[in-house]
Amino acid sequence: MIPAETKAVATRGYATHNKEAKFEPFEFARREVGPNDVLIDIEYCGICHTDIHQARAEWEPMIPAIYPMVPGHEIVGRVTQVGDKVTKFKVGDAAGIGCFIDSCGECPACLSGNEQFCFKGCAMSYNGTEMDRTTRTYGGYSNKYVINEDYALKVNATGDLSGVAPLLCAGITTYAPLKKWGVGPGKKVAVAGLGGLGHMGVKIAAAMGAEVTVLSTSPSKEADARGLGATGFLNTRDEAAVKAATGSFDLILDTIAAMHDYNLYLSLLGLNGVMVVVGAPSEPIPLNAFSLIGGNKVIAGSMIGGIAETQEMLDFCVEHGVTSDVEVITPDRIEEAYDRTVKSDVRYRFVIDMK
Ligand code: NAP
Ligand code: ZN
C-alpha cells in the first residue's frame, strides 16, 4: 500500500510472478508526477510477442526476466495530469508510450536520436529499471503510467485508439528499417511472418509505395495479406513456390518470432538484396556464408526507433490512414491471447482494453 502522505500514483495492473504463472491483478505505485512528467490514464495496450518472450523468460540469460512482471509497451491513453514545466501536452490529450521511458540524454546515441541504444542503457518500459537502476519499471498492462514528457509521444489520431496502440512498437519497428533501406516506389519488398509486426510492415511498406509480398507459413492468411496491401503471397512451406521465387526481392523484412531457415529466405533476395532481421528467436541463427556471398547480399538488424522517429511514424500513419488490425480483449484473456499468438493465430494484434 502507498503511504497516505506521498503523492505517488496508485496503479492497478496485471502481473505474472514466474515464467509459468498466470497473470493476476497486481497493485503498485507509480512515482509522483514531477515537474516534467505527465500522468497517462491508459486506454489500450497491445500484446507484442516480446511480452511473451519476456514473461516466459525465453530470452534468458541474455535478458533476465524480473518478476513480478507487468508487461506492455504499446500504450495509448489520455493525459490526466501534467507537471508544472510540461509544454508538449495538456490534460485531455491522447498520448502514447513505447518500449522505453527514459535514457541518459547525453551520449552519442541519445544525441543522435537513437535513445533506444543509449550507451548507459535506456530505461525500458517494463522488465527493467528507471535510469537510477533501482526503481523497477512496470508496463502498460495497467491503468496508469507516469513518464517524462520528452519520452511520451503525441497521438494525433482521432476516434478509438485501440488500433493506434500497436504502432508504438510494431509500427516503429517496421517503419524505421523500411525507411532506412530506402523503401518506396519501384522497390520489391517481402515481409516474412504475418503477425503483429508483419501486418504493420505490409501496411507501411505499401503506404510508402513499394510492391509488397508476404512470406508466410499460413496459407489461410493470403486473402488478409492482399487486403492489407500486399500484391503477392508466398507460402514458405511450398518448396516449389519458394524455388520459383529465387532472387525476387530487393528487401526482406523478417519479423518471424521463432527459429527458421534464414538461408532459405536469403535465397529469395536479388543482387545486393538486404534482409533486415527484427524478429528475435532466442537461439543463435545458423547462417551459411554462401547465402550472403552469392549476390553480394546484406543481412542487417533493427531495433524499434528513437523518439523523434517514432513521432514521425505516428504522423506518417495519420497521414496515410494506417492503423493496426486489432482484436480487443479484456485483461482476463491475456493467456489465451499469448497462446494464440504463439500458434500464429493472431489477426493481427491483440490489444488489451485497460479502461
Ligand atoms: P507475432 O505476432 O507472433 O508474429 C510472428 C509471425 O511469425 C507469426 O504470425 C507467423 O506468421 C510467423 N512465424 C511464427 N513461427 C514461425 C516459424 N516457425 N517459421 C516461420 N514463420 C513463423 O509476433 P510479433 O509481435 O510480430 O513479433 C515478432 C518478433 O519480433 C518477436 O520475436 C518479437 O520479440 C520481435 N520484436 C522485435 C522488435 C525489434 O525492435 N527488433 C520489436 C518488437 C518485436 P505466418 O503465420 O505468416 O507464418
Ligand atoms: Zn514490442
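Student: Which strands does helix H3 lie across, and at about what angle does H3 run to S15?
Tutor: Happy to start there, keeping in mind that this is a predicted model. Helix H3 covers residues 170-180 and lies across strand S12 (188-192), S15 and S16. Relative to S15, the helix runs at about 155°.

Student: What is the strand order in the open sheet of six strands?
Tutor: S12, S15 and S16 are members of this open sheet, whose pairing is parallel. From one strand to the next, the twist averages 20°. Reading across, the order is S14-S13-S12-S15-S16-S17.

Student: Which are the edge strands?
Tutor: Good one to check on screen! An edge strand here pairs on one side only.

Student: How many bridges join strand S15 to strand S16?
Tutor: S15 spans residues 249-254 and S16 spans residues 269-277, and the two run parallel. Within this pair, Phe249 stands opposite Leu269 in S16. The number of bridges joining the strands is five.

Student: How much space lies in the largest cavity?
Tutor: Let's begin with the search of the whole structure, which finds one cavity of 30 Å³ or more. Its lining includes Ile172, Tyr151 and Phe100. The space inside is about 80 Å³.

Student: How many residues of that cavity's lining are nonpolar, polar and charged?
Tutor: Among the lining residues are Cys99, Leu153, Leu168, Ile304 and Ile307, which count as nonpolar. Gly98, Gly305 and Thr310 also line the cavity, and these count as polar. The lining therefore divides into eight nonpolar, three polar and no charged.

Key: Residues numbered from 1 in each chain as written. Chains lettered and ligands numbered in written order. Predicted model: local features only at pLDDT ≥ 70, side-chain atom pairs only at ≥ 80, totals over all residues. Heavy atoms only, no water. Pairing = 2+ DSSP bridges. Helix = DSSP H or I, 4+ residues; strand = E, 2+ residues; numbered from the N terminus. Axes fitted to C-alpha atoms, helices over the stretch in contact; angles between N-to-C directions. Contact = heavy atoms within 4.5 Å. 1 Å grid on protein atoms, 1.4 Å probe; cavity = no way out; pocket = protein on both sides within 12 Å on 5 of 7 lines; lining within 4 Å. Points joined across faces, edges and corners; volume = space filled by probe spheres on them.
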